[in-house]
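Here is my notebook page for today.

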Amino acid sequence: MINTTSLMLDVILEKAEQENPLSREELKFLLTLSEESDLSKVFTLARQLRRRYFEDKLFIYGFVYFSTYCRNDCAFCLYRRSNHALDRYRKTDLEIMETVSSLVKSGVHLVDLTMGEDPQYFDNRESGFAHLISTVEQIKDRTGIPIMISAGVVPEQALREFKAAGADWYAVYQETHNPDLYHKLRLGQSYTERMERKKLAHKLGFLIEEGLLTGVGDTEEDLVNSLERMRDLGAEQVRVMSFVPQKGTPMQDVTSVSRHRELLIIAVMRLIFPDRLIPASLDVDGLNGLANRLNAGANVITSVIPPHSGLAGVSNHSLDIEDGNRTISKIIPVLAEQGLALATRDDFAEWIRQ
Ligand code: SAM
Ligand code: MD0
Ligand code: SF4
C-alpha cells in the first residue's frame, strides 16, 4: 500500500531542498509529523542544508546573566517580580568584566549580556543605562568580542547608545506571535512595543534574534504564524526553546510536552531559514540535550557559563553550571561525534559581514 504521508513528505522535502518557499499547509504538515522515520528524514535534510551554508562549523556563545532582578511578571519565568522566594543578584561592572574575560579566553564567539528588566536600570531616570553602556564599551575596547544585549525592551535612546558603545546584537524574544497567548505569558506587557523595538534595532544596524517558547499552549497554527512573522522580520538568528516549568510561578504545573516538538521546530526552521543562525541552548537540557539539537540542524551553541562565576541560567538556573558541563572542553567531544567542529572567530566575523 502506498503511504501518502511519506509521499507528501518527500515532495515537501524536495521543495525545501531546492529552497523554494513552503506554504502554510506544508509547514503545518511538517509540524504535525510524529513517526520516527519521517522525523529522521526532516532532520537529515536540516543537517544537509546546514552543511550547505556552514559546512561543519559551529558557533558558540557565552552567557552572562548579570542581573536577575526584574520589574516584569512573565508567567513562565523564575525571575518574575512576584517570585519572592528567590535569592537575586546583580553583578558589578568588575564581575561582569571578569566573567566576560574568562569566556573570551575559553574561545566563545560572542558574549550575551542578559538581565531581567532590572528596575535599577529601567526605573532610574538619573543614571538609567549609562553605567551598563560604558561597561559594553569597555568590553568592546578590551576584547573586541561580538556583544549581544538581551536586556528586555530597553528604551529607544538606550538602544542607540548600546549600538554606539559597540553592541552588535539585540535579542528580545516574542515567545509567540499569537497576541492572546502572548498576553497570558508576558502579563501586562505590550506585544507591539516588543515587536517594534526589535524592528527599530534592526534599522539601527543591530543584528537581531527572535525566539519562541514551545509547550506553553502553542498550537501548530500558532507555530506556522510565528514562522511567517519570523520570515517577515528577517532576523539573523531564530530560536525555539521548550518551556521548563518553574516552582513558585503560575505555570509550575503545566505538563511538559515532548522534546520532539522543539527538535522538529528547530529542523523546520533550518528548512525555511537555511542560512540563518539557529541555537541549541544548553539551558534547557544541559550538555545531555546538545547532540539531539545539533542532529536537528542547530548551528550555534548558547548558554556556555563558566563554573564558579556565581551566575545563573534561565530555564535551568543551575543545571550543569558548577560541574563545568557548560564549558567548551565538554562540548567539543559532542561536536566531534557528529563530525562537527568549532568555527574560528574569523569565520564568525565573516558570517556577520555577509
Ligand atoms: N528579561 C529579558 C527578556 O525577557 O527579554 C531577557 C532574559 S529572559 C530570562 C530570556 C528568555 O528566557 C525569555 O525570552 C524566554 O524565552 C526564556 N525563558 C524564561 N523562562 C523560561 C522557562 N521557564 N523555560 C524556558 N525558557 C524560558
Ligand atoms: C540561552 N539562557 O541562550 C540563554 C538565554 C538570552 N539571549 C539567551 C535564553 O539559552
Ligand atoms: Fe523578566 Fe525576562 Fe523573566 Fe520576563 S522573561 S520575568 S522580562 S527576566
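Which of the 19 residues around ligand 1 come nearest? I found Cys77, Gly152, Tyr173, Val244 and Ser315, counting a residue as near if its C-beta atom, placed from the backbone, lies within 6 Å of the molecule. I sorted the shell around ligand 1 into 10 nonpolar, 7 polar and 2 charged residues. For that I took Ala, Val, Leu, Ile, Met, Phe, Trp, Tyr, Cys and Pro as nonpolar, Asp, Glu, Lys and Arg as charged, and the others, Gly among them, as polar.

A note on the source: this is a predicted model, where local features need pLDDT of at least 70, side-chain atom pairs count only at pLDDT 80 or more, and totals for chains, interfaces and linings use all residues. Residues are numbered from 1 along each chain as its sequence is written, while chains are lettered from A and ligands numbered from 1 in the order in which they are written.

Next I looked up ligand 2. Its surroundings include Phe63, Asp112, Ser281, Asp283 and Val314. Strand 2 (110–115) and strand 8 (300–304) are the elements that give two or more residues to this shell; strands are DSSP runs of E, at least two residues, and helices runs of H or I, at least four, numbered from the N terminus. The shell around ligand 2 holds 3 nonpolar, 6 polar and 2 charged residues.

Last, I checked phi. Asp320 has a positive phi of about 65° although it is not a glycine. I place Asp320 in the loop between strand 8 and helix 14 (328–337). Asp320 is buried (20 or more other C-beta atoms within 10 Å of its own, all placed from the backbone), with 22 of them.

How values were computed: A residue is buried if 20 or more other C-beta atoms lie within 10 Å of its own, exposed if 12 or fewer, and partly exposed in between; C-beta atoms are placed from the backbone.
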